[in-house]
Amino acid sequence: MVSGIGALMLSVRPTLTYLETINIMRNSTTDLGATGYDNIFGYGLLRADLAVTNAINATLPVELLHLSASPEMDGIRVNWATATELNSSFFGVERSYDGSLFEGIGQVASVGNSQQTLNYSFLDESRQFGPRYFRLKMVDQDGTFAYSYVVQATMPWLTGSGITGSYWDQDAQNLSFNLMELNGKKADLMVLDLSGRTLYRSTADVQSPQQQISLHLPGLASGAYILMVNTPGTERLHQKFAVVR
């Protein structure tokens, strides 16, 4: 059905790019379940009538020249440039730790209308170790929007306690990770779903500055989860991870 609607959109606007087609589809749905995107219904029920109408009227607010992300001492710097802007309102900067679940972390006002190259920048001040992904939500003055492509950058390990190097084994049964600079402490380990419900809990005595931990988690369904590590005192660490089965 989705492929057929895509063909209808291209029949009325053959110049649509892949990115434009996907964004028009996302904006041509009837929401189902929880408000907005969710892991059960996605963006909702795609409507052919809205998709074709929106394809006819589609005009992206900006022409994006490039988008990049690179680590700095204070976080990760996201840079982008536009070649043209038409009634553009602002750029929403969105971040993900797994490449699929994105959250808005800030906005940058756009010039609005321009026919020359414009450069923009935003600093993600999170210093959490590991890879993260970024995209732009390019919003027009009438509220319509389009997403950019996704770029990735890795924050290097700086100092202090943290969770690093998480990975699944070949059968996606055991989650392994390193606990940094928690040696001599007893760690309370929890796995939570995104609603905050505890699905798994255990403890570990951390003996070394870089202690590898492995959790046996065969019952987790595909989706996103949170690994929480608490130690006596003030240490409270967390990291999102995804399960794909």
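Guide: One term to begin with: a residue is called buried when its relative accessible area is under 20%. Also, this is a predicted model.

Visitor: Fine. How many salt bridges are there?
Guide: The count comes to nine salt bridges.

Visitor: What about Arg135 and Glu94, are they buried or exposed?
Guide: Arg135 is buried, and Glu94 is buried as well. The two form a salt bridge, with the closest N and O atoms 2.8 Å apart.

Visitor: Where in the chain do Arg135 and Glu94 sit?
Guide: Arg135 is in strand β8, residues 130-140, and Glu94 is in strand β5, residues 88-96. They are 41 residues apart, so the pair links distant parts of the chain.

Visitor: What does Asp124 form a salt bridge with?
Guide: Its partner is Arg95, and the closest N and O atoms are 2.7 Å apart. Asp124 belongs to strand β7, residues 118-124, while Arg95 belongs to strand β5. This pair also links distant parts of the chain, at 29 residues apart. Both Asp124 and Arg95 are buried.

Visitor: Which residues are joined with those two into one network?
Guide: Glu103 and Arg132. Salt bridges with shared partners join them to Arg95 and Asp124.

Visitor: Switching to Arg77. Which residue does its side chain meet in a salt bridge?
Guide: The side chain of Glu72, at 3.4 Å from N to O.

Visitor: New topic. Where does Ser114 lie?
Guide: Ser114 is in the loop between β6, residues 103-109, and β7.

Visitor: Why does Ser114 count as buried?
Guide: Because its relative accessibility is 10%, and the cut-off for buried is under 20%.

Visitor: What does Ser114 touch?
Guide: Leaving out residues up to four places away in sequence, Ser114 touches Thr84 and Glu85. Glu85 is 29 residues from Ser114 in sequence, yet their C-alpha atoms are 4.9 Å apart in space.

Visitor: And what does the side chain of Ser114 reach?
Guide: It reaches the backbone nitrogen of Gln116, at 3.1 Å.

Note on methods. Residues are numbered from 1 along each chain as its sequence is written. This is a predicted model: local features need pLDDT of at least 70, side-chain atom pairs count only at pLDDT 80 or more; totals for chains, interfaces and linings use all residues. Side-chain values use heavy atoms; hydrogens and water are left out. A salt bridge is a side-chain nitrogen of Lys or Arg within 4 Å of a carboxyl oxygen of Asp or Glu. Helices (H or I, at least four residues) and strands (E, at least two) are DSSP runs, numbered from the N terminus. Buried means under 20% relative accessible area, exposed over 50%, partly exposed in between (1.4 Å probe, protein chains only). Contact means heavy atoms within 4.5 Å. A polar contact is a pair of N or O atoms within 3.5 Å; within protein, one must be able to donate a hydrogen and the other to accept it, and residues adjacent in sequence count only if both atoms are side-chain atoms.
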